[in-house]
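Please describe what can be read from the atoms of this model, starting with its aromatic side chains and going on to its ligands.

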Amino acid sequence: MLSHLECARCGREHDADAVQNLCHECASPLLARYDLTRVARPTTENSLWRYRDVLPVRDPDPAFSLGEGMTPLVPLPALSRALDATVLMKDESLIPTGSFKARGAAVGVARAKELGIEGIKMPTNGNAGAAWALYAARAGIRSVIAMPEDAPLITREEVEASGAELRIVPGTIADAGKAIADVDLFDASTLREPYRIEGKKTMGYEIVEQLGWRVPDVIVYPTGGGVGLIGIHKALLEMRELGWISGDLPRLVAVQSTGCAPIVRAFEAGEAESAFWHDAYTSAFGINVPKPLGDFIILRAIRETGGTALAVTDEQIAADRAECARLEGVFLCPEGAATISAVRALREDGWLSADDEVVVLNTGAGIKYPTVRL
Ligand SMILES: *Cc1c(COP(=O)(O)O)cnc(C)c1O
Ligand SMILES: [Zn+2]
């Protein structure tokens with residue numbers, strides 16, 4: 001059961017039953033905390049709501065769910081042979097709205113509704129805006145979404161179709177954020193809202209449950225705002241406290257594109273935070289985030305688990321996208337393909353060994369990117 005919100009930087013506690021954005025003290029993201037002595041095992045629901053005791057929605061409405069979550073964990077035997085690695089894919093392409101942003105949106109919108117919020121606003125690289133606009137429509141609340149002009153066209157259309165107000169902005173997601181700064185609605189942008197991460201953390205619960213309540217050696221995550229990576233780490237820590245897992249946590253790996261790699265640069269320099277990445281560009285739009293608000297939490301999660309951060313080129317991403325389709329019949333999104341490029345690079349330099357069990361996240365459906373060339 002949700003007990004309070006805790007600042008990820010200074011630890012100050014905040015009331016979880018009031019509407020909150022950032023820490024009142026230091027303007028950092030807030031993390032949901034639970035009374036973990038009162039958590040039952042997952043239910044049998046075939047969605048992320050099976051973990052309801054570690055979700056923030058006090059009274060989930062079963063009629064609200066679109067069936068988000070419980071995506072398959074798929075072995076990739078041919079690709080594993082080709083890479084001399086052991087790779088499993090958590091396949092988020094099979095989720096409502098075609099990307100794992102549906103997890104954050106389902107939980108975030110449900111909690112916003114429960115708190116009486118009448119409308120949300122957010123900047124997005126596409127998939128988050130699409131997911132939040134569609135779930136907001138389902139919940140009957142308003143949304144204003146701002147998107148860079150080169151975000152995938154299909155995500156624009158999802159937003160428009162939902163009845164949300166859409167603003168197209170030149171530049172990056174950082175510029176889109178500025179464009180709606182004066183809109184007087186609840187700010188649901190990445191980590192300025194405490195509950196999106198709670199939806200995304202369920203990927204961590206599912207991976208562990210699907211492996212029979214044990215952890216893999218490594219989890220490789222395409223990192224933009226880093227919500228999924230922070231969420232998976234949070235889930236692992238919660239499960240350890242619950243006694244559902246024991247021993248070392250998986251090493252968490254953040255993958256970025258060489259066209260936008262603020263976390264990699266900070267990791268390599270030993271910094272606690274990232275610096276703004278100028279002229280960011282990658283065809284893996286979901287990870288084109290020049291300065292993630294939660295950079296310090298991402299870096300902490302990577303370092304605490306003995307993980308790493310690395311950047312891969314858009315050319316390598318395209319090549320691995322084709323390779324995975326050819327060898328496995330799986331058409332990854334570019335962000336998902338970046339995780340394969342990362343496994344390739346980490347295996348080549350010996351950071352990964354052949355018998356490390358590696359889970360990669362395919363964060364969305366390849367078919368959402370009809371204009372990204374192979
Ligand atoms: C948003 C997004 C990401 C990055 O997610 P974060 O959790 O914000 O780092 C990766 N892949 C896709 C397809 C996305 O839409
Ligand atoms: Zn604080």
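Tyr51, Tyr205, Trp213 and Trp244 form one aromatic cluster in this predicted model. Rings of Phe, Tyr and Trp (for Trp, its six-membered ring) are paired if their centres lie within 6.5 Å, and planes under 30 degrees apart count as stacked, over 60 as edge-to-face and the rest as tilted; by this rule there are five aromatic pairs. The rings of Tyr51 and Tyr205 have centres 5.2 Å apart and planes at 35°, so this pair is tilted. Tyr51 lies in the loop between strand 3 and strand 4 (73–75), whereas Tyr205 belongs to helix 7 (residues 202–210), so the pair ties together parts that are 154 residues apart in sequence. Helices (H or I, at least four residues) and strands (E, at least two) are DSSP runs numbered from the N terminus. Tyr51 is buried at 2% relative accessible area, and Tyr205 is buried at 0%, where buried means under 20%, exposed over 50% and partly exposed in between (1.4 Å probe, protein chains only).

The model is predicted, so local features need pLDDT of at least 70 and side-chain atom pairs pLDDT 80 or more, while totals for chains, interfaces and linings use all residues. Residues are numbered from 1 along each chain as written, chains are lettered from A and ligands numbered from 1 in the order written, and side-chain values use heavy atoms, without hydrogens and water.

Ligand 1 is surrounded by 17 residues, the closest being Lys101, Tyr221, Gly224, Gly226 and Thr363, where a residue counts as near if one of its heavy atoms lies within 4 Å. Its polar contacts (pairs of N or O atoms within 3.5 Å) include those tabulated here.

| Residue and its N or O atom | Distance to an oxygen atom of ligand 1 |
|---|---|
| Lys101, side chain | 2.8 Å |
| Gly224, backbone | 2.8 Å |
| Gly228, backbone | 2.9 Å |

Taken alone, ligand 1 exposes 380 Å², of which the protein buries 96%, the areas coming from the Shrake-Rupley method with a 1.4 Å probe.

Cys10 lies in the loop between strand 1 (2–7) and strand 2 (13–14), and Cys26 in the loop between strand 2 and strand 3 (30–34), so the pair ties together parts that are 16 residues apart in sequence. Cys10 is partly exposed at 41% relative accessibility, and Cys26 is partly exposed at 28%.

Definitions and conventions:
A polar contact is a pair of N or O atoms within 3.5 Å; within protein, one must be able to donate a hydrogen and the other to accept it, and residues adjacent in sequence count only if both atoms are side-chain atoms.
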